Amino acid sequence: MFRYAAELVPYHDHGFEDSIRDLADIGFKEVNLWSSAAPLAHHVNPGDDPGKILGVLDKYGIKPCGLTVYGKTQDEILERVDFAADLGIDTLIFDCEANYPDFVSTFLPPIVEAGARRGVRIAVENHLTVPFAADFESGANEDQRWDEGVDTLAQMKRLIRDIDDPYLGVCIAPPHLWVMQDTISEAITFLAERKRLFYYYIWDIDRAYRHGTDGLNFGPADQQLPRPDGTLDHSVMLGTLHRVGYEGVTSLKCHGTQGWSFGKIGEHLRASDAYVRDCMKKAQAI
């Protein structure tokens, strides 16, 4: 059975230890740490003492299962490959950070090589090809999409063909596939067959999303968190993960929590967690 974890990103405006303690209280045993560009979470960064970070995690019985590094340059990502290895993390996550031809020819290969040296897998998220901006959650830059990226199943297939390396795989983000009108379970199966499914976000999207207008604005956080009345039936995707024998991480995620109190974040995560755990029970029966 796959492993169930949480993303640290909803707590981006709050302290690291308080956030870890709350996730442990909810019942999580693994967490994906974030070292991304503001306003995304950046609780941990190169130069921090790995021993202190691991000490906080150990205090609450949580292990780090990934490191997400959006909005960073090639050199900054290379630093975070080493940082992940120092933390005992085996998976680094980011999206297509350049127009596709440049991404696979010059941006990505040195990072994959560095990951192979340090035992850190590189998971490229299927992500709408909108350049990163601090105001991305408002839908900024929808009119500046690159010609080619890694946002459809066809483009994921191309990526793992163009760089056929066991240290390169994909982090599946269901809302992005939903926007591109691809079948999430098909992407899971294709990547799992080829041992290139490295990570999976448990994540929803607002039903009111406007194609071609909203860009990366997937709605308020409560509409991004998986829930019984959400856009996606997560028991179907989790059932597919179970059926294909995926043993990696599935992680509860949302954006859109700017300005939320600590208590409000925890309240909504707890409600979503209860729904996801119910879906996991159904998934084992599928």
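**View 1. Welcome to the second largest pocket, with a volume of about 190 Å³.** Everything here comes from a predicted model, where local features need pLDDT of at least 70, side-chain atom pairs count only at pLDDT 80 or more, and totals for chains, interfaces and linings use all residues. Residues are numbered from 1 along each chain as its sequence is written, and side-chain values use heavy atoms, leaving out hydrogens and water. A pocket is an open set of points on a 1 Å grid over the protein atoms alone, where a 1.4 Å probe fits, with protein on both sides within 12 Å along at least five of seven lines. Its volume is the space filled by probe spheres set on the points. Lining residues, with an atom within 4 Å of a point, include R121, K195, F198 and Y246. By class, this lining has 5 nonpolar, 2 polar and 4 charged residues, with Gly counted among the polar ones.

**View 2. Here is a closed barrel of 8 strands with parallel pairing, running from β1 through to β8.** From one strand to the next, the twist averages 30 degrees. Strands are DSSP runs of E with at least two residues, helices are runs of H or I with at least four, and two strands pair if DSSP finds at least two bridges between them. Between β1 (residues 3-7) and β8 (residues 249-252), which run parallel, there are 4 bridges. Look for A5, whose bridge partner in β8 is S251.

**View 3. Helix α9 (residues 234-243) lies across β7 (197-202) and β8.** The helix runs at about 160 degrees to β7, with angles taken from 0 to 180 degrees between N-to-C directions of lines fitted to C-alpha atoms.

**View 4. Y4 and F28 form a tilted aromatic pair.** Their rings are 5.0 Å centre to centre, with 55 degrees between the planes. Ring centres within 6.5 Å make a pair; planes under 30 degrees apart are stacked, over 60 edge-to-face, and the rest tilted. Y4 lies in β1 and F28 in the loop between α1 (16-26) and β2 (30-34), so the pair ties together parts 24 residues apart in sequence.

Note on methods:
Contact = heavy atoms within 4.5 Å. Phe/Tyr/Trp six-rings, centres within 6.5 Å; stacked < 30°, edge-to-face > 60°.
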